Amino acid sequence: MKLKIMSFNVRVNTDADGINSFTNRRGRVKECIMSEKPDIIGIQEANDEMTEWMKKDLRSKYYIIGTGREKDLRGEGARIAYNKNKFDLVSLDTRWLSETYDIPGSRFSLDQSLCPRVYTVAEFVEKRTRKIFRVFNAHLDHEGENAKLCGAVQIISRIQKENQRLKCVNILTGDFNAVPGDASIRTFDAYLTELTRDVGYTFHEYGKRPVEKCPHIDYIYTDGKSGGGAYKVKDEPKDGVYVSDHYPICAFVEI
């Protein structure tokens, strides 16, 4: 069975974005998701307000799961959206990228920014075939190179641990704030296959950056089989309003 996977940094709602604040973009976000029709979406940067909006406006097709990254479980998170008509949720867990991964709001003690970081892991069963698969979604730190590397190691270790419990296809989505060749990306590359290697740059900052300064920092990985080509979703501004400051990216996975 082939799944369509999307990784989508929706950019947190902030007045600093002016015309591109989420209030102005949310209609385009919904239009993008509903037209692309992914089976699974790894969502980064959605805060509580944005998540509640998604739960309401996407409810005809998707459930949104995952928690915030702060001590009180609020704030930005690494949420996962899934097609509720095709899949049942088997298990769900959020962990902090930290030496004390089970303490909400914790961070690595090395060079991490002030932002806590999390990954969400969910196990699903496809309703028709009863096939089980696992999805990880993460947003690595934007400052600390060591924090990013340790985060990658932590996620890979969790994938290996889950495979010992139940072997199935694993899918990893995320904004890793790292470019191909960085230590954190090499870590993922050593254990998983990147499906989005050829999509090109993924961060455009609402079209402000020249192409040569736009990095590839969003990824989709799997330890399963590719189901076909990957691509980034076009994001031409309408009256100056973009879908996000990142391109949504899509790939296909066989389970």
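## Cysteines

A search of the whole structure finds zero disulfides (a disulfide is a pair of cysteine sulfur atoms within 2.5 Å). Cys150 is in no disulfide, and the nearest cysteine sulfur, that of Cys115, is 17 Å away.

This is a predicted model: local features need pLDDT of at least 70, side-chain atom pairs count only at pLDDT 80 or more, and totals for chains, interfaces and linings use all residues. Residues are numbered from 1 along each chain as its sequence is written, and side-chain values use heavy atoms, with hydrogens and water left out.

Cys150 is partly exposed, at 27% relative accessibility. Cys168 is buried, at 11%. Buried means under 20% relative accessible area, exposed over 50%, and partly exposed in between (1.4 Å probe, protein chains only).

## Aromatic pairs

The search finds 13 aromatic pairs in the whole structure. Rings of Phe, Tyr and Trp (its six-membered ring) pair if their centres lie within 6.5 Å; planes under 30 degrees apart count as stacked, over 60 as edge-to-face and the rest as tilted.

Tyr82 and Phe124 have ring centres 4.8 Å apart and planes at 50°, so the pair is tilted. Tyr82 is in strand S4 (residues 78-83) and Phe124 in strand S6 (residues 118-126), 42 residues apart. Strands (E, at least two residues) are DSSP runs, numbered from the N terminus. Tyr82 is buried at 6%, and Phe124 is buried at 0%.

Phe87 and Phe124 also form a tilted pair, 6.4 Å centre to centre with 55° between the planes. Tyr63, Tyr82, Phe87, Phe124 and Phe133 form one aromatic cluster.

Key: Helix = DSSP H or I, 4+ residues; strand = E, 2+ residues; numbered from the N terminus.
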